Amino acid sequence: MTADRIRVATRKGLFTLTHTRGAWRIGAPAFLGDPVSMMLDDPRDGALYAALNLGHFGVKLRRSRDDGKSWEELAGPAFPPQPEGAEGSPWKLVQIWSLEAGTGTEPGVLWAGTIPGGLFRSDDHGDSWRLVRSLWDRPERLQWLGGGYDHPGIHSIVVDPRDGRRVTVGISCGGVWHTDDAGDNWRNVAQGMRAGYMPPDQQGNENVQDPHRVVASRAGPDILWTQHHSRIFRRGADAAGWIELDTAPLSGFGFAVAVHPADPDTAWFVPAESDAKRVPVDARWVVNRTQDGGRSFETFSAGLPQDACYDLVYRHGLDIDARGRWLAMGSTSGSLWVSGDQGESWFCAAANLPPIYAVRFAG
Amino acid sequence: MPKIMFASHVQRHVPAPDRVVAGETVRAALDAVFEHNLLLRGYVLDDQGHLRKHVTIFVDGARIVDRQGLSDRVNPDGEIHVLQALSGG
């Protein structure tokens, strides 16, 4: 059986921690010195992908077929020529913000979400990519807003494990879009979200919503969770719309959310002081957990810094492994924390990493 | 023919040896290089074929003006330096 591993994408490289002899041990980084915006361990074939965002030389996509010992550069996503007079964001790739594998019945299918808000698909393990024009060409895209960046971006891609044609993407700030037919048709399913940062008559506009992160459980992929800019929202299996949850202690603001792979009613959030400050509330780092679909939350702090703590967990900085045994979270201050008891207590696995952009369990 | 040289920073990622190439403009000289080194193109130019925001090019000591069209002229014995701009960190 493969050892448990955590990938950590940082501003200065890609790190891997391996669970051996009862401890998480960190190995030598890949791409030391280079920003890594996202990574993906493809459970179907063992390939490892890393998206770099080189300060001078642009976005690069690398693939390793030997667990990071060697890497090859792929052509990567790229926008087609921009038509004269095209409105909206420049058709230039700024960042790969999300990478996901298709289902087991579609080998080679990968999805990439980018800034600006492009969704790209590969059918050949990342060797070539095409922009999903059916989403990019939607007229509503011109309403999308940048959220933390100059241009809108796709940070969440949820592939239905029962049917890979059913894909949901989260966009900051453009709502939540869904396709049932592998991208032939799309609809914005952000009904019920509320954008408190907009004028009153625009707060319900689906195309300006800022879902910081959207996730679903493998056991209940019709149920969606989001940590929105304004609040936590949950969308039930009846797809009747997002329900605003105001029960989370301390703050409804934050970036990250993780959901249990075997229980769609159990989810974790990392609250932060909203939204002009974006630091832990009262400088204490805590994690909120619900086990009843958001009707109630518990707050856990055991093992986490409770004094003068200013770590922020960004939208891809919290993850749970595929078996639901481990949780990990990494901060913009370069601290990595792991829990082996469903988030009730945490221990520091690495304290002095570069700023952490994304944390993912391998496999 | 002009000589074109690439900064060592880019050579961390992709081989980019000095080349002597035909070309009366920066675009033509770069295209001559990229014809044999397609990977390098993505390090210098963006999706739209424009010079990347944080890359700069000097021709005989003068920074080029046309960052999109790359139409700046190059003398037959000119020297082209492709460099990372400090604006990129």
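How many bridges join strand 1 of chain A to strand 2 of chain A, and in which sense do the two strands run? The structure is a predicted model, in which local features need pLDDT of at least 70 and side-chain atom pairs count only at pLDDT 80 or more, while totals for chains, interfaces and linings use all residues. Residues are numbered from 1 along each chain as its sequence is written, and chains are lettered from A and ligands numbered from 1 in the order in which they are written.

Strand 1 (residues 5-10) and strand 2 (residues 13-20) of chain A run antiparallel and are joined by 6 bridges; strands here are DSSP runs of E with at least two residues, helices are runs of H or I with at least four, and both are numbered from the N terminus. Within this pair, A:Thr10 stands opposite A:Gly13 of strand 2. Both strands belong to an open sheet of 4 strands in chain A, ordered 3-2-1-28 with antiparallel pairing, where two strands count as paired if DSSP finds at least two bridges between them. Strand 3 and strand 28 (356-361) of chain A are the edge strands of this sheet, each pairing on one side only. Neighbouring strands of the sheet are turned by 20 degrees against each other on average, direction ignored; the axes are lines fitted to C-alpha atoms, for helices over the stretch in contact, and angles run from 0 to 180 degrees between N-to-C directions.

The loop between strand 3 (23-26) and strand 4 (36-41) of chain A holds A:Ala30. A:Ala30 is buried because 21 other C-beta atoms lie within 10 Å; a residue counts as buried with 20 or more such atoms within 10 Å of its own C-beta, as exposed with 12 or fewer, and as partly exposed in between, the C-beta atoms being placed from the backbone. Leaving aside residues up to four places away in sequence, A:Ala30 touches A:Gly13, A:Leu14, A:Ala50 and A:Gly68, a contact meaning that the C-beta atoms, placed from the backbone, lie within 7 Å. A:Ala30 and A:Ala50 are 20 residues apart in sequence, and their C-alpha atoms are 9.5 Å apart in space.

A further open sheet of chain A has 4 strands in the order 20-21-22-23, again with antiparallel pairing. Strand 20 (254-260) and strand 23 (298-300) of chain A stand at its edges, each with a single partner strand, so one side of each has no neighbour in the sheet. Strand 20 and strand 21 of chain A form a hairpin with 2 residues between them, and strand 20 pairs with strand 21 (residues 263-271) over 5 bridges. Strand 21 of chain A is largely enclosed by the rest of the structure, because 7 of its 9 residues are buried. Strand 21 also pairs with strand 22 (residues 287-290) of chain A in the antiparallel sense, over 3 bridges, and there A:Phe269 has A:Asn288 as its bridge partner.

Taken whole, chain A comes to 1 helix and 28 strands, and 50% of its 363 residues count as buried. Along its principal axes, the C-alpha trace of chain A spans about 55 × 50 × 40 Å.

Finally, there is the contact between the chains. Here 16 residues of chain B are in contact with 12 residues of chain A, and helix 3 of chain B gives the largest share of the chain B side, 3 residues.

Terms used
Contact = placed C-beta atoms within 7 Å.
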